[in-house]
There are 2 protein chains.
Amino acid sequence: MEQHRQFVAAQANIFKALGHPSRLLMVEALRHHEKCVCELQSLVGDDMSTVSKHLSILRQAGVVSAERRGNNIYYRLTLSCLDAFLSCTSRMVENRILSLSRILDKN
Amino acid sequence: MEQHRQFVAAQANIFKALGHPSRLLMVEALRHHEKCVCELQSLVGDDMSTVSKHLSILRQAGVVSAERRGNNIYYRLTLSCLDAFLSCTSRMVENRILSLSRILDKN
DNA sequence: CAGGAATTTTGCTTTTTTGCCAAAAAGCCA
DNA sequence: TGGCTTTTTGGCAAAAAAGCAAAATTCCTG
């Protein structure tokens with residue numbers, strides 16, 4: 001019983017990690033290629049230390065993993081199944097925006 | 001450019017909604033059947049008002065929808081593609097717990 | 001080894017989220 | 001209508017998350 005609670009909490013942690021615009025943006029960018037922190041930073045535009053903290057949250061949740069090469073640290077996506085789900089949520093958001101603009105057009 | 005930011009934020013909202021143990025627990029329970037609020041409340045054990053607030057967050061994110069029948073309000077899952085992703089994150093958490101216990105066993 | 005670049009950690013303040021209580025809504029039924 | 005049940009809302013205090021700046025770490029290069 002308690003075991004299941006912990007299990008659910010760990011899963012919720014994955015969602016929580018993905019539930020921030022900057023973090024999701026970075027994860028999306030990592031769908032194709034690995035990227036170094038500096039690239040991710042210029043993508044989201046936040047302070048470097050903020051980006052680093054975001055990345056550590058994603059790492060701890062198991063969404064991404066990091067590898068150092070020289071001065072740079074490269075991040076890659078490890079949560080492979082995310083792709084299908086992202087396409088799905090993106091479709092969903094698209095539809096919601098569409099129906100919203102239909103409503104707005106009527107007024 | 002700004003459009004994409006908003007898009008990502010809306011998507012992140014879905015993840016944020018799922019990123020809480022009680023909410024994820026309820027969503028999991030809704031995978032099979034719709035349930036009334038009282039059933040969900042006894043599942044998570046929180047105060048009724050807390051449960052209701054959680055549900056409204058899930059509703060706003062578009063994860064669930066509600067329908068009133070008599071005194072009760074029934075919630076059902078609307079984010080259909082969630083199923084595959086949940087199986088995936090659950091597999092992942094399982095593996096992490098397994099490898100964690102292997103490490104602990106060694107000590 | 002000193003200097004420099006990339007990244008993380010720490011400390012701190014501000015903002016957001018959580019969760020309980022009390023009160024209000026909404027629907028049922030007598 | 002009045003009382004009962006179920007659910008939502010508003011308000012508030014406590015807990016958690018976010019973000020910036022300064023300091024520390026790590027690795028490269030001369």
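User: Why is B:E67 called partly exposed?

Analyst: Happy to walk through it! In this predicted model, B:E67 has a relative accessibility of 33%. Buried means under 20% and exposed means over 50%, so 33% falls in between and B:E67 counts as partly exposed.

User: What makes B:E67 and B:R76 a salt bridge?

Analyst: Their side chains meet at 3.6 Å, N to O. The cut-off is 4 Å between a nitrogen of Lys or Arg and a carboxyl oxygen of Asp or Glu, so this pair qualifies. B:R76 is partly exposed too, with a relative accessible area of 38%.

User: How do you know that A:R69 forms a salt bridge with A:E34?

Analyst: Use the cut-off again: the closest N and O atoms are 2.5 Å apart, which is within 4 Å, so the pair counts. This pair links distant parts of chain A, with A:R69 in strand 2 and A:E34 in the loop between helix 2 and strand 1, 35 residues apart.

User: Why is A:E34 called partly exposed rather than buried?

Analyst: Its relative accessible area is 27%. Buried would need a value under 20%, and exposed one over 50%, so A:E34 is partly exposed.

Methods: Residues are numbered from 1 along each chain as its sequence is written. Chains are lettered from A and ligands numbered from 1 in the order in which they are written. This is a predicted model: local features need pLDDT of at least 70, side-chain atom pairs count only at pLDDT 80 or more; totals for chains, interfaces and linings use all residues. Side-chain values use heavy atoms; hydrogens and water are left out. Helices (H or I, at least four residues) and strands (E, at least two) are DSSP runs, numbered from the N terminus. Buried means under 20% relative accessible area, exposed over 50%, partly exposed in between (1.4 Å probe, protein chains only).
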